[in-house]
Amino acid sequence: MTIKNRFTASIGLGLFLISALAASAPAASAADEPIKPPRPLKIDDLFALKEVYDPQLSPDGAWVAYTVTATDLAKESSDTDIWMVPAAGGDPVRVTSSPKSESRPRFSPDGKWLAFLSAREGKRTQVWLLPRSGGEAVKLTDFKTGVSDVVWSPDSKRLALVMKDADPDGAGSGDDEEGDAPAAGVEKSKTPKPIVVRRLQFKRDGAGYLDERRRHIHIFDIAGKTAMPLTSGPFDDSSPVWSPDGRRVAFVSNRTLPDADASQDKNIYVVEAKAGSVPRAVVASPGEDDSPAWSPDGRWLLYVQGCDPKDMWYGSNHLALVPEGGGTPRPLTASIDRNAYAPVFSPDGLYAYFLLEDGGVQPLCRVSVNGGPVERVAGTDREVQAFAISGKGPIVILEATTGRPAEISALGADGTLTRLSHVNDGVLKGIKLGEVRRYKATSKDGTPVDAFLTLPPDYKEGTKLPAILRIHGGPTSQFTTGFDFEWHILAAQGYAVITSNPRGSTGYGTAFSRAIFADWGNKDFEDVMAAVDGAVAMGIADPDRLGVGGWSYGGIQTDYVITKTDRFKAAISGASMANMLAGYGTDHYQYEYETELGLPWRNRDLWLKLSSSFFDVEKITTPVLYMCGALDMNVPLLNTEQLYQAVRRIGKVRTELVIYPDQWHGIGTPSYQKDRYERYIAWYDSFLKPKGALTGERGPEATSLLGKALYPAVAPADRKKTQEDDLAKATAEFVKNPDSADAILRLGLRTTDLGRYREAIDIYSRGISKHPGDARLLRYRGHRYITVREFDKAISDLSRAAALLKGKPDIPDTDGSGGAAVQGASAKPTNTLRFSVWYHLGLARFLKGDFTAALQAYRECLMAAKGNDESLVSVSDWLFMTLRRLGRKDEAAKVLDVVRPDMKISENMVYLNRLLMYKGTYAPEDLLRTGGSDVDLATYGFGVGNFYLMNGEKDKARTIFERVMKGPAWQAFGYIAAEAELARMK
């Protein structure tokens, strides 16, 4: 079964690329283990769950062979093995267990053999045979190119194989186990040859650049181990099926001349299974015909008839019958206007069984070969992904529900389903998933829209939740009642997850899908917004805490959404494109662009119209995270880079770009899959979770000790411009000298000036990884850990810095407020590095309430002040307060002996004035009337509050501390200290 789509998200392996989930072999019994209550889904469960795929019935109908794919996060790999289970039910049997994957299990018609494909020896995928009577699998073929498909002849003596032509210049090169392109991260032993491009269709995602080699069908004689090419030419051939008498092979090919790349006119061909035979077309309609199947008597071919080429992927295909010798096709399902897939005849030849995309579900259906109504046989409430029929035994289907990944079930005569596989039951037993509800929304023009709402586990009715709109790829695909890991992992974080099938989706007919033809981001925008409005109207989605996102066309639609509305507080745009002109010739859609949009130099206005999300980029008010695979040829990285560059240059909202190395359109490396979900959650949490995240152009930088989200203040335009210019200079210097500790330090400081404390911490962290012995980087990261209220991390960094400085000459330090970051800069620092390290270490300990440890740090700090009045007053202030907290009043009074009004102070007047207040020179009210910057007011406020607190006037102290909390300078030490006191008072 193949789903037609364009820009569809894919995560990793096989059919579960779109849903991002894999299924697995049965878990060991946990009967002897203590029963634990179910827990919410976790990201790591993605790798505990396994993918079940490709069910195949044995000729006697007694056994079902299937594959199970397991992913190993630690090894960054996956492994697919073949299993079998009795069709009547029973324990499964593992058939293969090699470290390399095995796929496409196929029973021989005589029941004696099981063939499969594997690259378990070497890089190229070959055919292996496993005797059903017992014994080890043996390697049957050893071609210089890989085998991608294997089909038994009716007499079990021959195989039809699909292989790509070997490279005539490559000395045995050919397909490897990953396809045509080199595996990610694999180093080549020789310098690769230059890539020479001649084809119109010259690239394909997952394959790379395409050469003149094509895929053709070969006949392999098992006894003689000889192969004969059956097809040839500058065409790709696929889907071979033998006639019941074994004399002919039907297959699919686009053999349009003079250039097959200029169309997608695939047709059904039949060729005699002997050397020198010339294929003849039995179907030559202009659409994309596919999936031929022979009638049991060999007189008819059942196939999928493609839609009108002018409808492209927006049109519905249908099933048709055609005489084996050619003739007028007889349509079977055209009247229902839905995509049909994977047709086969019933054993008696009276019915055609197939899968149907139908309004958010995907059932198994059948229709009489004489015409008539379509019957839905199984799966009207779920997603049937594959099925198998034999002349004996039950029909078996691979089916998934919203609460369970795909498993194999047997279909009874009465329509009941009996589970045969239980691959993921053990994992799911310990997990509690939220409910998935279906609902109808009404778009702006009255069009009904199917939607899904996934809720957190234990959701309480009447509770409003932060909500995330996730948009599917394609655009021609559909969300279904199958299992979607992404829905559930986001719901497990406390979100209501809104998904829908807007116009452009399949499953609702040609007119519904074609409604967005050459008109992206218009009707489909209205439809997804209607789904959001429906969830809001239910009282579930909080309209003030909405996020949006998607991958591929879901990312493209996200770009349209955030330029058309400011309702969303966070967006994630994955593998997207806004400037359509940038896509032409850089992705693999040359035919589709010309069909839908025309050539860009001939139809410029339409191309520019559809690029509105790029040219309207200044309208974006939503913080947006951009992501893409570095090797993506479906929606190439340059599109995402262009969007990020524009949003970052404008600088109005927070934005980040994440690039996954060596990844195609689908992110396949397990650690990158995990990273992507972690980033999804972190980004949405930053803007949708905290109270007060309803405004502000960036997410919260910290959470206060009182539980309040703290956002960076927006500086006046002139000051912000200066700060941004300074950051640009620091960035340019860093780009030139990325390994320079000085450049890293300056970049961190200039980032801090703009209130980007978390970003600065990341910068310092990267610097520390390169320069672990540089105390300056630890000093500044420790400082910013204090800012974001992570005191233990601050203490760790500053303690390490102090140890590094022990016994070394002291050097000047910056104050971090626009002065020099390192020696040699224009502004002269007022403190030394040793002083600053001990000063901030004392502060971190003070804020934690560890006054004894703070005292030790401040005494070291006092020694480093060395008569510098600026340093002396700042450390004396905190030393005085620390001694008073420890009840050492007399020692504290001695600290004030050195304090004089005529001290040479320029930067630390607030500290001098606080000390003079403690000494009695000023009254507390004098300091509160002094004025100054927001930071000064916070510093004075804490000093006055502390004065009252240490003199036993706790209520007055609380009032002053609460006044400080109303100010904006949450990064000031006085603010943090007042916050800490209020937290202790609770």
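Contact here means heavy atoms within 4.5 Å. The model discussed is predicted.

**Helix 5 against helix 6**

By that criterion, D524, F525, V528 and M529 of helix 5 touch Y553, Q557, V561 and K564 of helix 6. Sorted by class, this contact holds five nonpolar, one polar and two charged residues. Helix 5 covers residues 523–537, and helix 6 covers residues 553–564. Angles of 65 to 115 degrees count as roughly perpendicular, so helix 5 and helix 6 are roughly perpendicular to each other.

Strand 26 (residues 364–368) runs antiparallel to strand 27, and three bridges join them. At one of the bridges, L364 is partnered by A378 in strand 27.

**The chain as a whole**

The chain has 25 helices and 44 strands. Further totals follow.

| Property of the chain | Value |
|---|---|
| Box filled by the C-alpha atoms, along the principal axes | roughly 110 × 70 × 60 Å |
| Buried share of the 986 residues | 57% |
| Accessible surface | about 40,200 Å² |
| Share of that surface belonging to carbon and sulfur atoms | 51% |

Sequence separation was also examined for contacts between residues at least 6 apart. Of these contacts, 58% join residues at least 24 apart in sequence.

Conventions: Residues are numbered from 1 along each chain as its sequence is written. This is a predicted model: local features need pLDDT of at least 70, side-chain atom pairs count only at pLDDT 80 or more; totals for chains, interfaces and linings use all residues. Side-chain values use heavy atoms; hydrogens and water are left out. Axes are lines fitted to C-alpha atoms, for helices over the stretch in contact, and angles run from 0 to 180 degrees between N-to-C directions. Helices (H or I, at least four residues) and strands (E, at least two) are DSSP runs, numbered from the N terminus. Angles under 35 degrees count as roughly parallel, over 145 as roughly antiparallel, 65 to 115 as roughly perpendicular and the rest as oblique. Ala, Val, Leu, Ile, Met, Phe, Trp, Tyr, Cys and Pro count as nonpolar, Asp, Glu, Lys and Arg as charged, and the others, Gly among them, as polar. Buried means under 20% relative accessible area, exposed over 50%, partly exposed in between (1.4 Å probe, protein chains only). Accessible areas come from the Shrake-Rupley method with a 1.4 Å probe; for residues, only the protein chains shown count as cover. Two strands pair if DSSP finds at least two bridges between them.
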